[in-house]
Amino acid sequence: MRASVEAGELAVAVPGQVTVERSKNRDHGDYATNVALQLAKPAGKPPREVAQVIAARLGAVEGVAKVDIAGPGFLNITLDAGSAGELARVIVGAGEVYGRGDALQGLKINLEFVSANPTGPIHIGGVRWAAVGDSLARILKAAGADVSTEYYINDAGVQIDKFGSSLRAAANGQPVPEDGYVGEYINDIARDIVAQVPGVLDKSEAEQKQVFTETGLRLMVAEIQRSMEEFGAHFDVWFSEKSLHDSGAVEKAIERLRAQGHVYDEGGAIWLRTTDFGDDKDRVLIKGDGETTYFASDAAYYLEKRDRGNEVCVYMLGADHHGYVGRLKAIVACAGDDPQHNIEVLIGQFVKMLRGGEEVRMSKRAGNIITIDDVVEWIGVDAARYSLARSSTDSTITLDIDVLTSATNENPVYYVQYAHTRMCGVKRKAAELGIVRGEFKPELLSTEWESNLLSMLGEFPRIVAKAAELREPHHVARYLEELAGVYHRFYDNCRIMPMGDDPATDLTYARMWLAEAAQIVVANGLNLLGVSAPERM
């Protein structure tokens with residue numbers, strides 16, 4: 001375009017940004033752009049006439065095989081095989097860093113996910129957030145963001161008192177209190193406490209309550225941390241809600257918000273005027289009896305995160321927390337921040353599990369819920385992480401245990417991992433035959449299957465950037481499934497290793513380069529989802 005303008009062929013300012021996209025239909029070339037339509041009006045020419053000017057110069061660029069003008073003035077660009085094939089060399093050279101970018105460079109993000117109450121094992125809804133949240137953290141980092149992951153331990157409030165009372169009752173062989181916690185795990189923890197604290201049952205009721213509450217909480221948090229670690233979900237920070245109260249952070253937060261002009265006193269209570277910022281009603285911070293609300297903790301916690309230098313605070317909440325979105329955004333606005341930028345709230349829908357066509361509802365250990373350990377036992381970490389991360393969190397999903405433990409193409413994680421083993425198999429076969437990957441001649445990768453595979457491999461960086469921008473890891477999983485299908489078709493139609501005693505040729509080497517490039521991309525993609533990339537299955 002610059003050359004056309006300098007030559008006087010177009011009288012227009014060259015735009016600062018031009019959209020060039022991979023063509024969805026291979027008949028439309030490798031790339032397509034609507035720049036001629038973009039320039040037509042300022043150039044005072046019909047779009048197709050502008051397209052002809054640009055196409056004439058673009059077609060002369062080395063590596064461009066042809067440029068077609070389609071419809072009202074779209075430019076479809078086809079690269080020659082040698083130019084397109086160079087991508088394989090780029091990927092092999094980049095290795096583990098291929099797909100990474102700088103779209104979110106300099107952005108400091110705090111990502112809070114799972115954060116279930118420490119009164120029981122992580123249930124199936126929390127398992128979904130563990131898979132999605134950890135994958136999202138990896139993807140955001142791949143896009144250049146500075147990410148800290150966080151688990152908010154709700155260790156203050158009524159539910160903790162009920163938890164301690166339930167443990168004490170179990171240890172003493174008494175009925176569980178009304179609205180208390182039940183399940184084999186309660187008995188397990190109660191027995192552990194009795195073993196760890198000799199003479200605890202000889203103490204007064206109040207002393208027992210304190211021991212069972214504090215020790216039970218410590219044991220339950222340790223159990224959650226173990227489950228998360230085994231699931232591959234890493235948290236940089238385990239933040240205690242109780243610490244907000246003990247440190248005076250809640251009182252300080254209320255005073256900061258009062259100084260902003262949004263706190264008022266009414267009816268003996270202290271309120272935050274969240275209706276000024278779209279909430280359906282003002283929220284109580286301190287009740288009339290002096291009791292602090294969860295909302296006050298939420299306000300203090302947000303301010304604490306921002307004080308740590310986090311520019312964007314991402315909250316990943318369950319489907320039953322829709323009502324929290326407006327009030328959390330109102331806290332941000334009351335604090336003087338931008339609720340459209342400084343906070344993001346992602347809501348995840350429910351998960352069901354099937355076995356033999358019937359829904360599974362019960363856990364061996366927790367009674368009426370399915371726990372993270374149940375999921376791992378039934379289908380394994382890889383299948384759980386992949387299947388939970390491959391769908392948009394907006395949708396309710398059903399995991400079929402029979403499918404996810406099968407070695408068939410119906411099992412999406414098996415399908416992708418099997419493609420990776422096929423790619424690794426090329427290296428093994430070459431080693432058996434004594435073939436060392438030779439000089440790369442990209443122009444030999446000229447069939448439609450090779451061209452399609454190269455095109456898919458070239459999409460990976462864009463997919464990663466898109467998944468990071470939209471906070472949607474499922475784009476990576478769906479891309480990997482499509483890539484696996486394209487590779488399987490390439491593998492079935494393009495012989496890589498020579499037949500019998502035939503010697504290796506330049507085409508052998510070129511296809512070895514391409515297979516290794518595909519292997520690198522699949523491995524990188526699976527790593528972003530926290531899923532292993534096995535060399536054999």
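## Close-up views of a predicted protein model

Figure 1. V147 counts as buried, because its relative accessibility is 8%, and buried means under 20% relative accessible area. This valine belongs to strand β6, which covers residues 146-153. The view also includes I77, which is 70 residues from V147 in sequence. In space, the C-alpha atoms of V147 and I77 are 38 Å apart. As in every figure of this set, the coordinates come from a predicted model.

**Figure 2. The protein chain as a whole, for orientation.** The protein chain contains 537 residues, and 50% of them count as buried. Its secondary structure consists of 19 helices and 15 strands. Along the principal axes, the C-alpha trace spans about 90 × 65 × 35 Å.

**Figure 3. V53 in helix α3 and its distance from M1.** V53 is found in helix α3, which is made up of residues 47-58. With a relative accessibility of 18%, V53 counts as buried. M1 and V53 are 52 residues apart along the chain, and their C-alpha atoms are separated by 8.6 Å.

Figure 4. V114 has a phi near 70°, a positive value in a residue other than glycine. This residue lies in the loop that runs between β5 (108-112) and α5 (124-142). V114 is buried, at 8% relative accessibility. Phi of D179 is near 65°, again a positive value in a residue other than glycine. D179 is placed in the loop between α6 (158-171) and α7 (184-196). At 56% relative accessibility, D179 counts as exposed.

**Figure 5. The salt bridge between K45 and E49.** Side chains of opposite charge can pair when their charged atoms come close. Here the side chains of K45 and E49 meet in a salt bridge, with an N to O distance of 3.4 Å. K45 has a relative accessible area of 28% and is therefore partly exposed. E49 is partly exposed as well, at 36% relative accessibility. In the model as a whole, the count comes to 30 salt bridges.

Figure 6. R258 forms a salt bridge with E255, and the closest N and O atoms of the pair are 3.8 Å apart. Both residues lie in helix α10 (residues 249-259). They are 3 residues apart, which is about one turn of the helix. R258 counts as partly exposed, with a relative accessibility of 29%. E255 also counts as partly exposed, at 47%.

Figure 7. The side chains of R422 and D492 meet in a salt bridge, 3.2 Å from N to O. This pair links distant parts of the chain, as R422 lies in helix α16 and D492 in helix α18 (residues 474-493), 70 residues apart. R422 is buried, with a relative accessible area of 19%. D492, by contrast, counts as exposed at 54% relative accessibility.

**Figure 8. A network of charged side chains.** The view shows E223, R226, E230 and D373. These residues are linked in a network of salt bridges.

**Figure 9. A negative patch on the surface.** E62, D80, E439 and E443 form a negative surface patch. One of these residues, E439, lies in the loop between α16 (412-433) and α17 (448-470). E439 is exposed, because its relative accessible area is 58% and exposed means over 50%.

Figure 10. E450 lies in helix α17. At 0% relative accessibility, this glutamate counts as buried. A polar atom of the E450 side chain lies 3.0 Å from the backbone nitrogen of S446.

Conventions: Residues are numbered from 1 along each chain as its sequence is written. This is a predicted model: local features need pLDDT of at least 70, side-chain atom pairs count only at pLDDT 80 or more; totals for chains, interfaces and linings use all residues. Side-chain values use heavy atoms; hydrogens and water are left out. Patches are made of residues with over 30% relative accessible area and no salt bridge: like charges are joined within 9 Å, nonpolar side chains (Val, Leu, Ile, Met, Phe, Trp, Tyr) within 5 Å. Accessible areas come from the Shrake-Rupley method with a 1.4 Å probe; for residues, only the protein chains shown count as cover. A salt bridge is a side-chain nitrogen of Lys or Arg within 4 Å of a carboxyl oxygen of Asp or Glu. Lys and Arg count as positive and Asp and Glu as negative; His and the chain ends are not counted. The place of a charge is taken as NZ of Lys, CZ of Arg, CG of Asp or CD of Glu. Helices (H or I, at least four residues) and strands (E, at least two) are DSSP runs, numbered from the N terminus. Buried means under 20% relative accessible area, exposed over 50%, partly exposed in between (1.4 Å probe, protein chains only). A polar contact is a pair of N or O atoms within 3.5 Å; within protein, one must be able to donate a hydrogen and the other to accept it, and residues adjacent in sequence count only if both atoms are side-chain atoms.
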